[in-house]
Amino acid sequence: NDTARGWFRRLQLEDGEWAINEALCGIHSTALRAEDFQIMTDHGASMVWSPLSNYLLYGATVDIRAAKEAGILMGIGSDWAPSGSKNLLGELKVAWLASEEKGGVYTAEELVAMATIDAARILKWEAQLGSLEVGKRADIIAVNGQKGDACKRLIEARETSITLAVINGFP
């Protein structure tokens, strides 16, 4: 609501500058509007999206189309147990449904990136994790199935679909 958005707007200083930089990562951000996302992007800020928690706590989620159009760096997270998914597999499903309900704002690949490389970028850990590259930590999961789009298959996977988990190279 406008009260919540007001807290964000208070980050504008008297001289017109913003007290926003790459260290700011907005959580929830459901009250923000297109111009707010643009301000965040212009100042290097990012956001974590927890759509199930947004729906349960606020009855709506972030204006994902406005966030995407602003180009904000966005990760996806499951928030906390009382109002979020149990894990990222659950949150990816809700994110997919939210995106589809808004006309397909995000592709399956973009959503998986939010849970991997984009989340690592927000933390400034992309040199260590978030993608499969030589020299990075090998944190991966394997899920059942070999047909179709791999990212869509991950979004559709359940916990029982996981056939392997590798953490820092160790199964």
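Ala, Val, Leu, Ile, Met, Phe, Trp, Tyr, Cys and Pro count here as nonpolar, Asp, Glu, Lys and Arg as charged, and the others, Gly among them, as polar. By that scheme, the lining of the second largest pocket has ten nonpolar, four polar and one charged residues.

This is a predicted model, in which local features need pLDDT of at least 70, side-chain atom pairs count only at pLDDT 80 or more, and totals for chains, interfaces and linings use all residues. Residues are numbered from 1 along each chain as its sequence is written, and side-chain values use heavy atoms, with hydrogens and water left out.

## Pockets

Rolling a probe the size of a water molecule over the atoms shows where empty space is left. The search uses a 1 Å grid over the protein atoms alone. A pocket is an open set of points where a 1.4 Å probe fits, with protein on both sides within 12 Å along at least five of seven lines. Lining residues have an atom within 4 Å of a point. Grid points are joined across faces, edges and corners, and a volume is the space filled by probe spheres set on the points. Helices (H or I, at least four residues) and strands (E, at least two) are DSSP runs, numbered from the N terminus.

The largest pocket has a volume of about 860 Å³. Its lining counts 29 residues, and T116, D139, I140, I141 and L154 are the closest to its centre. By class, the largest pocket is lined by 22 nonpolar, four polar and three charged residues.The second largest pocket has a volume of about 200 Å³. Among its 15 lining residues, A4, F8, I27, S29 and L32 are the closest to its centre. Helix 1 (2–9) and strand 1 (25–27) each supply at least two lining residues of the second largest pocket. Helix 1 gives the most, with four residues.

## Sheet

Two strands pair if DSSP finds at least two bridges between them. Three strands form an open sheet in the order 1-2-3, with parallel pairing. Strand 1 and strand 3 are the edge strands, each pairing on one side only. The twist averages 25° from one strand to the next. Strand 1 and strand 2 are joined by three bridges. C25 stands opposite S46 in strand 2.

Axes are lines fitted to C-alpha atoms, for helices over the stretch in contact (heavy atoms within 4.5 Å). Angles run from 0 to 180 degrees between N-to-C directions. Helix 5 lies across strand 2 and strand 3, and runs at about 125° to strand 3.

## Burial

Buried means under 20% relative accessible area, exposed over 50%, and partly exposed in between (1.4 Å probe, protein chains only). Helix 6 is largely enclosed by the rest of the structure, because six of its eight residues are buried. These are A108, L111, V112, A113, M114 and A115. They pack against strand 2 (46–49), strand 3 (73–76), helix 5, helix 7 and helix 8.

Five individual residues are listed here with their accessibility.

| Residue | Relative accessible area | Class |
|---|---|---|
| S46 | 3% | buried |
| N54 | 0% | buried |
| I122 | 12% | buried |
| K124 | 49% | partly exposed |
| N168 | 36% | partly exposed |

## Individual residues

S46 is found in strand 2. Residues up to four places away in sequence aside, S46 touches L24, C25, G26, M40, I72, L73 and I122.

I122 belongs to helix 7. Beyond neighbours within four places in sequence, I122 is in contact with C25, S46, M47, L73, M74 and G75. I122 and A45 are 77 residues apart in sequence, yet 8.6 Å apart in space, C-alpha to C-alpha.

N54 is found in helix 3 (residues 51–58). Not counting residues up to four places away in sequence, N54 touches H28, T30, W49, G59, A60, T61 and V62.

Two residues other than glycine have positive phi values. K124 has phi near 65° and lies in the loop between helix 7 and strand 4. N168 has phi near 50° and is found in the segment after strand 5.
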